[in-house]
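Trainee: I'd like a close look at a single part of this one. Could you pick a strand, walk me through its surroundings, and then finish with a pair of packed helices?

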Amino acid sequence: MKRMLILIVAVLLACVGGKGRGAGDRLPILSAGVSASSDGQLVLTAEAVRQDSLEGSAASLYLTTSGSDPAALFTGAEQLLAGQLYLSHARTFVIDEAVARQGIAPLIQTLLAQDDVRLTLRLAVARDVTADEIVRAQAVVEEIPGEALGALLDAHAVQGGLPDLPLCRVSDRILSGADFSLPALTLTEDGRVIPAGQADFRLGRMTGFSGGEGLA
Amino acid sequence: MSVQFTDDLSENIKVMQTVFSGDNTFITRRVRSPAGLSCAVFFFDGMVNNTAINESVIRPLVHGQTAGMTAEAVAQGLLQINDCKVVPDTDAMLSALLYGDTVILVDGDCRPIVVNTKGFSLRSPSEPESEKVLRGPREGFTESFMMNLSMLRRRVNDPRLTFSFARYAGQTNTVICVCWMKGITPPTLVYEMQRRIEQISLDGILDANYVSECVRDAPESPFPTLGTTERPDVAVARLLEGRVVVLTDGSPVALSAPCILQECFQANDDYYIAVRQAAVSRALRAIGFVLSIVIPALYVALLVFHQELLPTRLLLAIAAAQKGVPLPPFWEILLLLLVFETLKEAGTRTPSVMGSTMSIVGGLVLGQAAVSARFLSAPSVIIVAIAAVTGLTVPKLQSAALVLRFSLLAAGALGGIYGLVFGLALAVAHLCTLRSFGTPYLLNLIPRVAARTDDTWLRASWRKMPRHRFLAREEDKP
């Protein structure tokens, strides 16, 4: 018993030097989008969410960084946060049409290189609007827009209205060279996000939209 | 201490008075009958039944019609009491005298007569505080050894019930009784218990725990390998299952062996209430124990290492609660667990009148103030409260729960869920190695170690469980 107590105390003391991270030390990202700027740079818009008190509600805040390639975007975001971009709770990643037409393989590789990105992350392409606008669009019911966006894509994927292609399947299609489609999203006149058909891809590059015409 | 008596009564009285010189409770009563019978009666004030001495010992001696009677003649023909005998062994005589018996020395005979006149004050049987039941017998063992034995004998009307006394040769001369059912309890088990009791080497035994710590298997394990109860009905049930029960004079706690983990989750109510209700209660106790040891460690592991496993809303709520709290989750939980254990310890030692005040101040006011002052976060208080409350569901495993709770907390803080699982695996491996008097500790709880019983994780109805003994031989079953 004495030895066991000494062991427990020693382990507890060892914990003193361990990581004392708490739930509030990280800023979870709920959704993100990559847009192309006019100067040819890529712009990452990430919706982080925080809640300051138990009585209050969660509030979204948006981080924006730019870079020449996807890896530079994430590095820039981490420098901005002075910590890791915490993508574990991210449900949706929106890609600009222009970026999609250039090819999404580098972006997919960069996402897969992040150790906390879920393979169930849903990808979508912004149609007639920028990815930044989709990510920043306010939700109607949900207080967190990123959650609302994820719920919208989940619901339509289950109902069969939109392609059910999470990150892992997209990666698989790109690696195998197969054609695939991603959900397309757009904004209504009052600023709500709605599905707008699908974006078709061949060899990792977007070839065009199909379906959903006239929805917006 | 040894004394030598002669045929001279005056000398013998001097010997006794020398032995107990300075003891004001030692009484010597010289008796001489008109016919010339001369005796001396020795006893301790407060330890004897005065009526029995006056009516059954001194009165017959005073009216003795014959001079020069031997000790046997006095014991057999004069004394009017149910239990008296000539005891030539002076050590046994002294021991009996110290335990409330009366010693009579007759002039002309060096052999003392020991008369059972025990009459010291005793606590009457009451329901044990630690083993209360909603329905069922409410009698509990007391500190009186013979009364405890009578409680067992009254419930088992069977000549196979055997009581074997062993007087421990320390300064306290405590009597230890090994009880078993002949033909039902394995003789090797009885022998092993008696052997271990004989090997005890202490200067005194004041409680059953002295015996327990000396005879139990794996004394360093936090899990109890010797059963304890303060209820005679439970002790009898264990006797019927083929176990050995050990009663210690001066202690209301009966020990039983072998002890298996399963019985730690059993409560007396399980057998006195409806079977389905008993099944739910037993399942709740098992779940409660697991929650009690795992929840603090799991909370720390999730917050420190596996935040991705928490739903977003929950993570946000916990983050909001932790905002401004200076301590990381591990230290919050550790501190709260220590405070809880301290409060529990203080509550055990505090008089019941002050107990409620202390629990309000300690639990409610202190907890609320600590959360309001942002010294601790509300989720941590909730987690420790859940661990504390669920830990009380299995009182027999409180010691194990305490050790496991802190060990697993450390494992979870060091290695996250991997550390927690590793810690749990070590605990299970330890349980697999435990044995109580040769019986596997996990008997009935894992498939390959099962006894002949329908009383395992859940119990069957009494109608379907006439043979519920787990050690008894097939031919001895009712």
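Mentor: Let's take E9(B), which is joined to strand E10 (residues 254–257) of chain B by four bridges, the two running antiparallel. Keep in mind that this is a predicted model. In that pairing, B:Val244 sits opposite B:Ala257 of E10(B). Five residues lie between the strands of this hairpin, and B:Gly250 takes a positive phi near 90° there.

E9(B) has another partner too: strand E7 (residues 175–181) of chain B pairs with E9(B) over four bridges, again in the antiparallel sense. Here B:Cys177 stands opposite B:Leu247 of E9(B).

Now for the side chains. E9(B) covers residues 244–248 and is mostly covered, with five of its five residues buried. B:Val244, B:Val246 and B:Thr248 point one way, while B:Val245 and B:Leu247 point the other way, and all are buried.

On to the helices. Helix H12 (residues 329–349) of chain B packs with helix H13 (residues 352–372) of chain B at an angle of about 170°, and their axes are 10 Å apart. An angle over 145 degrees counts as roughly antiparallel, so that is how H12(B) and H13(B) run relative to each other. On the H12(B) side the contact is made by B:Leu343, B:Ala346 and B:Gly347, and on the H13(B) side by B:Gly355, B:Met358, B:Ser359, B:Gly362 and B:Gly363. Sorted by class, this contact has three nonpolar and five polar residues, and no charged ones.

How values were computed
Residues are numbered from 1 along each chain as its sequence is written. Chains are lettered from A and ligands numbered from 1 in the order in which they are written. This is a predicted model: local features need pLDDT of at least 70, side-chain atom pairs count only at pLDDT 80 or more; totals for chains, interfaces and linings use all residues. A residue is buried if 20 or more other C-beta atoms lie within 10 Å of its own, exposed if 12 or fewer, and partly exposed in between; C-beta atoms are placed from the backbone. Two strands pair if DSSP finds at least two bridges between them. Axes are lines fitted to C-alpha atoms, for helices over the stretch in contact, and angles run from 0 to 180 degrees between N-to-C directions. Angles under 35 degrees count as roughly parallel, over 145 as roughly antiparallel, 65 to 115 as roughly perpendicular and the rest as oblique. Two residues are in contact if their C-beta atoms, placed from the backbone, lie within 7 Å. Ala, Val, Leu, Ile, Met, Phe, Trp, Tyr, Cys and Pro count as nonpolar, Asp, Glu, Lys and Arg as charged, and the others, Gly among them, as polar.
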